[in-house]
Amino acid sequence: MHDDSDHRKTINPSAYLALVEGLTHIFWNKDPFELYLRGMLKDHSELLSRLDFGATKREVSGQLVNLLRANEARYLDVTIALMLDIAAMETFPNLTRQVDGDVMAVKARAAVEELRRWTAKQQAVIREHEAHARLIAQSAKEAQDGRAFAQSHEGLKQRFLLMHGAGDPHKRGTAFEGFLNDLFALYDLEPRAAYSLAREQIDGAFVFNTDHYVLEAN
């Protein structure tokens, strides 16, 4: 009986190391880092439960990659999904918002480029699993976007409650203008900030189904 196990395609250990570096550098803050991993691993709660998100990003990345390597056959699709998703990244919004964002972005690009180099070398493995891996990545992105939307919506709700309890009516009105702008933006309504016309103050404006609306709050 012929045993095909010796011919099974596996991922080069250096590609796993490049994945650790990529995961470590593409985010600065822990919240988006955790959100990203929870999205990518949403169908693998057994992996998520073993990650200590209270540790550093590098430690969490190492924990994950060790788990993926320990059972490579089972997790090959999700491993490839992670590698392809990170290798395709060209911008790093969470990094560029930081004080030293430019320096951080340079490190992230270098880590992504290294991972991209290894994904190019691993094409034989990737071709067999790429279709499923891309479905995993797309599904994870949709789940992550949904959670991010829910978090933004909840944040706006808390802002509104705090604003409602503010004592200064003028400050409350100014804060409400900003709140409306962010609310419209969340729902892709192309908001326009408050502006003044002759003898009239417009608190905000937005677009819905190609129609333009102005809003004045009382």
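Student: Why is Arg117 called partly exposed?

Tutor: The model is predicted, and in it Arg117 has a relative accessibility of 37%. Buried would need a value under 20% and exposed a value over 50%, so Arg117, at 37%, counts as partly exposed.

Student: What makes Ala88 exposed?

Tutor: The relative accessible area of Ala88 is 54%, and exposed means over 50%, so Ala88 is called exposed. Ala88 belongs to the loop between helix 5 and helix 6, and its C-alpha lies 8.0 Å from that of Val112, a residue 24 positions away in sequence.

Student: How is the chain as a whole built, and how many helices and strands does it have?

Tutor: There are nine helices and four strands, and along the sequence they follow the pattern α-α-α-α-α-α-α-α-α-β-β-β-β. Of the 218 residues, 38% count as buried. Among the contacts with a separation of 6 or more, 61% are between residues 24 or more positions apart.

Student: Why is Thr24 called buried?

Tutor: Thr24 has a relative accessible area of 10%, and buried means under 20%, so the word applies to Thr24. Thr24 lies in helix 1, where a polar atom of its side chain is 2.7 Å from the backbone oxygen of Val20. Not counting residues up to four places away in sequence, Thr24 touches Lys57, Arg58 and Ser61.

Student: Which residues of helix 1 and helix 4 meet, and how are the two helices arranged?

Tutor: Helix 1, residues 13-25, packs against helix 4 at an angle of about 150 degrees, and their axes are 9 Å apart. The crossing of the two helices is right-handed. From helix 1 the residues that meet helix 4 include Pro13, Tyr16, Leu19 and Thr24, while on the side of helix 4 they include Lys57, Ser61, Leu64 and Leu68.

Student: What makes the pairing of Glu34 with Arg38 a salt bridge?

Tutor: The closest N and O atoms of Glu34 and Arg38 are 2.8 Å apart, and the cut-off is 4 Å, so the pair counts as a salt bridge. Both residues lie in helix 2, residues 30-40, four residues apart, which is about one turn of the helix. Glu34 has a relative accessibility of 23% and counts as partly exposed, and Arg38, at 33%, counts as partly exposed as well.

Student: How do you know that Asp43 and Lys42 form a salt bridge, and is each of them buried, partly exposed or exposed?

Tutor: The N to O distance between their side chains is 3.5 Å, which is within 4 Å, so Asp43 and Lys42 meet the definition. Asp43, with a relative accessible area of 56%, is exposed, whereas Lys42, with 32%, is partly exposed.

Student: Which parts of the chain does the salt bridge between Glu46 and Arg74 tie together?

Tutor: The side chains of Glu46 and Arg74 meet at 3.3 Å, N to O. Glu46 lies in helix 3, residues 45-48, and Arg74 in helix 5, residues 72-87, so the pair ties together parts that are 28 residues apart in sequence. Glu46 is partly exposed, with a relative accessible area of 25%. In total, the structure holds six salt bridges.

Key
Residues are numbered from 1 along each chain as its sequence is written. This is a predicted model: local features need pLDDT of at least 70, side-chain atom pairs count only at pLDDT 80 or more; totals for chains, interfaces and linings use all residues. Side-chain values use heavy atoms; hydrogens and water are left out. Axes are lines fitted to C-alpha atoms, for helices over the stretch in contact, and angles run from 0 to 180 degrees between N-to-C directions. A crossing is left-handed if the near helix is turned anticlockwise from the far one by less than a right angle, and right-handed if clockwise. Contact means heavy atoms within 4.5 Å. Buried means under 20% relative accessible area, exposed over 50%, partly exposed in between (1.4 Å probe, protein chains only). A polar contact is a pair of N or O atoms within 3.5 Å; within protein, one must be able to donate a hydrogen and the other to accept it, and residues adjacent in sequence count only if both atoms are side-chain atoms.
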